[in-house]
Amino acid sequence: MVRLKILPHVFLGFAAVSAMAQKPNAIPMVRIHAGSFLMGAGPEALPPAVTNGYGVMSTRPAHGDWDEHPAHKVTLTHGFLIAKNLVTAKEFQAFDPSYKPVARFPGYAAGVSYEQAVAFCKWLSKKTGKPYRLPTEAEWEYVARAGTRTPFFTGDTPPRPSEANPWGVVIAEGTPEWVADWYAPYQPGPQVNPTEPLDGHFRVLRGGGLDFRKSRSGMIYPAMAPYFMRSANRASMAPSFASADGNIGFRVVEAPMPTPHPSPQRPYWFKTDVKQTPVSITVGPDPETPFYQTHELFPNLEGRSMPDVGWKLGLARGLGVTYHNSAVQELSNGDMVAAYYNSPNKEDDPDQTVLIMRRRAGSETWDMPEPWPYFADAACAAPVFWNDHGLLWMFFGFPRLIGATPFAFVQSRDNGATWGPIRFPHFTGPVPRYVSQTINSIVRAKDGTIYIPTDAPGRGAGGLTASSDVWATSNDGKTWYSTGAKTAGRHTTLVIAKNGDLLGFGGKNSEIDGHMPLAISADGGKNWTVRPSPFDELMSGERPSVIRLADGRLFFVADYNPHHMKHIHKDGAYVALSSNDGSTWTMKRLPANILTVGYVTATQGPNGLIHIVTSKNTVNYEIVLNEAWVLSKTEAATPEPDSITDVMPHREEWPNGRLRAEWSTGLANDGQILLEGAQTFYYEDGRKQWVSEYHLGQKTGTEVYYRQDGSKKWEKTYAGDGSWTWRNFDKRGQMTSQSQWRGKTLVSYRISGEKQNP
């Protein structure tokens, strides 16, 4: 084992490790002097023992996670005192006598939120008259490394439990710790006293992982796997997350609050240049004429590596290649948003996130997806959108998070341009065993109660083999409660019956004589009766969706499974309509290229069009159709429009009165309102931000996005035959990559400094 590999550029002369004399019952502290170090992961490959998956996750990246790069020199110009150990349960109880130690992690104050940790620091400061706070991320890594550049201060293998490092601090034992910073990508180049962004949605965690699948030799994996214990590893979590079963702790620093030297927050395209003006969103194709259209959702790299190719071509860092478990919603401005889980390889990998993408009103093309919310090292999954009369809710779950709640949620009041804090449910009654995985339906009853289902363990109503829980709130999310009984299938999709009953269409992994069960509750989910539906049972990789249409009908979409097979059996998929709350149905097969809809979700827009997003199809599509198509005998797609009339200009302004956006829309001959002509967005200072040109909702010519300093960040040139070229530029104007695409499929590329790929 390699131990204490010291690099010459680390100024150990500035670091002292003499322990400070302590008063009785005081937190033991260690004095750290100013100095410099190399923060983050370098180009050196990690040992296989660090990157292997321990049987519970995919192999880790050979050089560390993308958010650990680039390695950069950091100088801390101030000394500070740091706690030798995590704050103990006893120390925390002196602040909060109601705190109960976590049985699995009794040695420290586990399961506390960032907000609780900050409150403890304020209390301790007031009690002692000394300035206590959380360490910055840079301070934490400086101490954790203690002058080394190896994965651990002990070399290539983790330290022994309770082993102090050369500076006298017990750190990075596999226990995640809150630090002060908001989570964001590193900035290149040397930095002095960095503090990261001024705001965000996730706080940084250091020292250990967050997910659990199994234990081995007294260790909890993957949370305590060596990869997550490394000095460079970064995790993140919403600051309000606290759990009676959680593993997150914290330690204190005695030092004044640092002067902010913030880096920028990570930009997201789905939050950028979001219009707030709804333009003719109730206008659509003739409801008596069949309408069917598809839009491809995801980029296809044709087997190339996402980190080695896709990210360098401009796709968002953290985007993987496995997408599943869909969500979709039309927003109040006419935009569509979709979300899926996003994984580098395997489902429930700790690097799994949720992704979001947007199809802007009047555009026929989905923007490229981006990972958000981004909980580093905590698998996030099962997104659900709900447009509650202009208030956009997004729910999601954590399949493996230690101490996870049944779900989490976040809200936006401006069509997804900005979001409030991530929230976790506060329950007012008993909470049964659950699976932290939300399902595709949120419904509001006539009395205002909101219901959301999640997966559940054990048998369901009627003794069937699988089930879902249903959770409810009667005060718009302030408090929640379990409705008390389980449905009759995993991934149950809910709708409100005309008489107010809850209808829960089976889901998967349960059946009655080969049919999907229908569970009915007349008392808000306290009890369920079960009967067979006319639909095939569903098994692995499949989930139905049901919604109430504006005209009162029920709309249903799912996969056929006549042979009762598991996984992707490709028997095709269907849609169905019912005018009598599911007593009878009119069913229709989707076209042959829809081999499966997988974990499907449907929604309806104000213009009557129904939007379906597929999962695990050979190409995943947004399917747009109307009721007339379902009731017709045709399977044909609606021809692309070839003419447009009634072109009208539109504009939006910044609060200071300056022009923010100008664009035009017209009525296409297929009945849709589409973008037509030039569209330009401006920064608040009047500089151009995003310039594009449209014809019949398709981009034409050259599209350009400018940084706020006026430099060109990227441009896309459209040939008119479905092919286009994407070029990215650095701030000096040098092209960093060029790629050729046909639709969403990568054809060829060239990355600066690398060999061209045909």
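Predicted model: local features only at pLDDT ≥ 70, side-chain atom pairs only at ≥ 80, totals over all residues.
**Entry 1: enclosed space**

I started with the cavities. The structure has five of them at 30 Å³ or more. I then went to the largest cavity, which holds about 380 Å³ of space. Which residues sit nearest its centre? I noted Glu 330, Gly 334, Ala 361, Gly 362 and Ile 673, out of a lining of 29 residues. Two elements give two or more residues to that lining, strand S37 (659–668) and strand S38 (673–675). I also sorted the lining of the largest cavity by class and wrote down eleven nonpolar, twelve polar and six charged residues.

Next I looked at the second largest pocket, with about 840 Å³ of space. Its lining runs to 34 residues, and those closest to the centre are Gln 329, Trp 386, Ile 442, Arg 548 and Thr 603. Several strands supply at least two lining residues each, among them S14 (322–330), S25 (493–496), S29 (545–548) and S33 (601–604). Which strand gives the most to this lining? I have S18 down for that, with five residues. By class, I got 18 nonpolar, twelve polar and four charged residues for the lining of the second largest pocket.

**Entry 2: aromatic rings**

For ring pairs, I kept in mind that the description rests on the distance of the centres and the angle of the planes. The count came to 60 aromatic pairs. I picked out Trp 393 and Phe 395, which are stacked, with 5.6 Å between centres and 5° between planes. Both Trp 393 and Phe 395 are buried.

Phe 395 turned up again in an edge-to-face pair with Phe 407, this time at 5.8 Å centre to centre and 65° between the planes. Where do the two partners sit? I placed Phe 395 in strand S19 (residues 391–397) and Phe 407 in the loop between S19 and strand S20 (408–412), twelve residues apart.

**Entry 3: lysines over rings**

I found Lys 588 over the face of Trp 629, at 3.7 Å from the ring centre. I also have Lys 712 over the face of Phe 729, with 5.3 Å to the ring centre.

**Entry 4: salt bridges**

My reminder for this page was that side chains of opposite charge can pair when their charged atoms come close. The structure holds 31 salt bridges. I looked at Arg 60 with Asp 351 and noted 3.2 Å between the closest N and O atoms. What does this pair tie together? Arg 60 is in the loop between helix H1 (48–51) and strand S3 (72–76), while Asp 351 is in the loop between strand S15 (336–343) and strand S16 (353–359), so the pair joins parts that are 291 residues apart in sequence.

I then checked Lys 699 and Glu 703, whose side chains meet in a salt bridge at 3.0 Å, N to O. The cut-off for buried is under 20% relative accessible area. Lys 699 has 19%, so I put this lysine down as buried. Glu 703 is at 1% relative accessibility and counts as buried.

Another salt bridge on my list is Arg 727 with Glu 715, at 3.3 Å, N to O. Arg 727 lies in strand S43 (residues 723–729) and Glu 715 in strand S42 (residues 712–718), so the pair ties together parts that are twelve residues apart in sequence. Glu 715 is buried, with a relative accessible area of 12%.

Last, I wrote down a network of salt bridges that links Glu 137, Glu 141, Arg 145, Arg 206 and Arg 234.

Note on methods
Residues numbered from 1 in each chain as written. Heavy atoms only, no water. 1 Å grid on protein atoms, 1.4 Å probe; cavity = no way out; pocket = protein on both sides within 12 Å on 5 of 7 lines; lining within 4 Å. Points joined across faces, edges and corners; volume = space filled by probe spheres on them. Helix = DSSP H or I, 4+ residues; strand = E, 2+ residues; numbered from the N terminus. Nonpolar A, V, L, I, M, F, W, Y, C, P; charged D, E, K, R; others polar. Phe/Tyr/Trp six-rings, centres within 6.5 Å; stacked < 30°, edge-to-face > 60°. Buried < 20%, exposed > 50% of the residue type's maximum accessible area, 1.4 Å probe, protein only. Lys NZ or Arg CZ within 6 Å of the ring centre and 35° of its normal. Salt bridge = Lys/Arg side-chain N within 4 Å of Asp/Glu carboxyl O.
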